[in-house]
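User: Hi, could you walk me through this structure, one chain at a time?
Analyst: Gladly, and here it is to look at while we talk.
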Amino acid sequence: MFNRKLEEVVVTATRSERKLSNVAVPVTLIQQKTIRQSGSLRLPDILAEQTGLFITQSFGKGVQMQGLSADYTMILLDGEPLIGRTGGVLDLSRITVGNIKKIEIVKGPSSSLYGSEALAGVINIITDRSNARKLLADIRYGRFNTLDASLNGSTRIGKLSLGAFVNSNSSEGYSLRPNAVQKTVEPFWRLTSQVNIGYDFSERTHFNLTTRYNYEIIQNSITVQNLGSLVLSKGKENNRDLNITPTFSHRFNDKLKTTFRGYLSRFNAVQSLAVKDQKTDYDDQFKQAFYRLENQTDISFSDNHMLNVGGGYIQEYVQSNRYDSLQTKRSNQVGYFFLQDEWRPLKKLSLIAGLRFDANSAYASVWSPKLALQYRVTEKLRINASIGRGFKAPDFRQLYLNFTNIAAGSYSVFGSLVARDEVLRLQASGQIDNILPVFEKLTDLKPETSTGLNIGAQYDPSEKIKTRINFFRNDISNLILTDVIAFKTNGGQIFSYFNISRAYTQGLETEASWQLHKSFNLAGGYQFLITEDKDVLDAIDAGKMYKRDEQTGISSLLARKEYAGLPGRSKHMINLKLFFESPSRQWFATARAIYRSRFGTADIDGNGVINRDDEFADGYMQLNVSGGRNFARGIRIMAGVDNVLNYTDPENMPGMPGYNWYLTLSLDFGKLKSK
Amino acid sequence: MKTVKVLSFFFLLFSIGIFSCSKDNNTSAPTTPLVTKSVSDLVADTILGIAASGQPYGAGKYTFFSLENNAVVPSSDSATNKWDIAFRGTSIITNSGNSGPGNGGGFVFTGLFDDLKTIPADSTFKTDNAPSSYAITAGSNRGWYIYNAPVNLITPIPGRVLVVRTATGKYAKVEILNYYKGGVTPAATASDDDKLRKQRFFTFRFLFQPDGSKVF
């Protein structure tokens, strides 16, 4: 938040380094200093405090951006996509912020540069790869026996630079329901290690190899009611991910630079459950592999005209006993190219046109265009507008899932490519009661697509005050949802996936920061959001959407104004953050408040939509405070309390424990020695 | 209970209103005013206990009802034409097919009770063929109700009307209003025990057309 004298540079918006103020699309930049002073540990901690972002809790912690679900935001680590989504969600808790240099958040469709998943936007986590000689250690202890320790070092030997980072994060978890056997969050341990090797062949030629390994173990104790008695099962969940990223770049001259990037990523998840008094354990395995080779070439025709061209090939595999058997390897190949032309025809005007083509083996090909412009009205006022298409390819789950839940109503979910055969197989063995007409509509899934519009302005009346406003609208079509295709003779439903839904999200986001005083910085943000399912709107307009009076039980027509839109979305989200740093920089303190208004949770009156007051979770405010002191010799002590107001909502916000205190000790060994 | 009575009175007035309207429009007007009747807490095989499987169980008996007489029919008359529909848990049968000797049947209509003034000519009345199919389609989100698993509650789907052909071949329309005792659905946060003990009490309203026409 401080020291804005140096122009901030971002890479994610255009895949090349640009000054933040010159970028024509909405970008939020979070600096390491803000992350550290806020006392964040894992990625969701810091994202939760950003305007317009909300951390969702289903299959781990995901992020809702511009009102779109976690499935639709691409998560990049140093520019490479992280894999290992469960139920469409990549658990952001897997990512430590201990070695993050900065986080760049680009809002609006960015598939023209990044392809599938970059529908709502892109979050790029940029790790610290500086090659300065350093050795830093952090250790933190907090409530729920949370222990987090990191060691981060780097050095340079001639042309070779080396960096290593290791982080251990563990907690005993917590219970929001004291009487439940199962904890709300079970004990876990996570280990992250990253090694970075760089070599400069010359001033112009660089090679870099980054290896990251992440290990996670989560205890599980599940109680299942079986034959009238509670059966306690003990188990564990084990997630491992490995990323290897070799990068080779060469600058031919001032006008031409080319970069080759390889990316190998593997994600391996195993859930095992040992049921008491039963010999067979329940095992669930999921293995994913993602290999990519890519080239990007940047050409500067002049200072006012730049071109980025690139292309690559992706080979992806999944093996899981959720899909058939572990032996069956499902694969997908993607070939793609992209082009981006950045042109400044006038001193005040920048134009960007981008286009990407993705050809896939498992689903239809996609073109993703994008247009953006920036007009600098004055030094202080800039206007931005962009329109683009985003897409999300059907994932392996939607294509190949073969899952039957024996415990809860014996329902089954089959991926769209296997559903026909599975239903016919069940029918042949007399297990099908009836097949619904929609079964005949089973077809190859199309990618989910969106068109996103962003129009905004940045106005900085003085060095000390910065303001930003952005209007957004995303129209999403071909949304993939499950629908019932058949009923089993035992009453169980069979679901499969269809491109059946259309929705939109629109809103206004505004942010301001004000350097009140040498030592105080005040920042605030607000997002107003409306989201609606277009098919529900059509049904309302056709007089086919009903509601039920809570008192009388009598049905009547639902009006448009009673329809509250998509569940899990708050109409209003506000944040207000105060940062203090003493002139000597010895002391620092922060206070950050986040508010979100009520949000729909689940339909209760049977019409499938959120319309009644009892279908909402309450709005709430979370207040986090932190403070610390930098001592001589690189010693720093910090303390903080998250959720000071101790707000909890076990039903709807299980990932939110009550207040959460912590103490952190940081050491900079370089300074320790030098004095 | 009081509200139900007040409501019945209200429906009475309302039905008279409809009747006057249709008379003005000079369609095939009934000779006597039709009255929407309300039934509260009709016991439908209420829960006796929780089985070893964890599933609740009742005595397994249907409660038979005559729409024509607005009265519960003793189960000893189950093999007669005296009843039109019967309730057992979420299962609703009609006096048709293999459920009874009557000439009954029915289907689930999507729309509002009050808006259903004439049974559409192209409607198909189904008959019971237990246990595989019923005139009033069984199952969550298939017929008249939806089972909300996360909160363990059963809710009638809004905008569903049971169109019933009675045992004697006359027509009636029925709207299920609630599945819980006193016509009040327990709160989502209520205990599972509470939710189980209070379920299988039907509150519904119906309009019976005695002249055999499909016009209400």
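Analyst: Before we start on contacts, one term is needed: two residues are in contact if their C-beta atoms, placed from the backbone, lie within 7 Å. Please also keep in mind that this is a predicted model.
User: ok, so in chain A, what share of the contacts between residues at least 6 apart in sequence join residues at least 24 apart?
Analyst: In chain A, 61% of the contacts between residues at least 6 apart in sequence link residues that are at least 24 apart.
User: and how many helices and strands does chain A have?
Analyst: Chain A contains seven helices and 38 strands. Its radius of gyration is 26 Å, close to the 26 Å that the globule rule gives for 675 residues, so chain A is as compact as a globular protein of that length.
User: what does its C-alpha trace span, and how much of chain A is buried?
Analyst: The C-alpha trace of chain A spans about 75 × 55 × 55 Å along its principal axes, and 39% of the 675 residues of chain A count as buried.
User: switching to chain B, what's its secondary structure?
Analyst: Chain B has two helices and 13 strands, and of its 216 residues, 36% count as buried.
User: how many residues of each chain are in contact with the other?
Analyst: In chain A, 22 residues are in contact with 25 residues of chain B. Strand E30 (546–548) and strand E31 (555–557) of chain A each supply at least two residues of the side that touches chain B.
User: what classes of residue are on that side of chain A?
Analyst: The side of chain A that touches chain B has eight nonpolar, ten polar and four charged residues.

Terms used
Residues numbered from 1 in each chain as written. Chains lettered and ligands numbered in written order. Predicted model: local features only at pLDDT ≥ 70, side-chain atom pairs only at ≥ 80, totals over all residues. Helix = DSSP H or I, 4+ residues; strand = E, 2+ residues; numbered from the N terminus. Nonpolar A, V, L, I, M, F, W, Y, C, P; charged D, E, K, R; others polar. Buried ≥ 20, exposed ≤ 12 C-beta atoms within 10 Å, placed from the backbone. Rg over C-alpha atoms; globule rule 2.2 N^0.38 Å.
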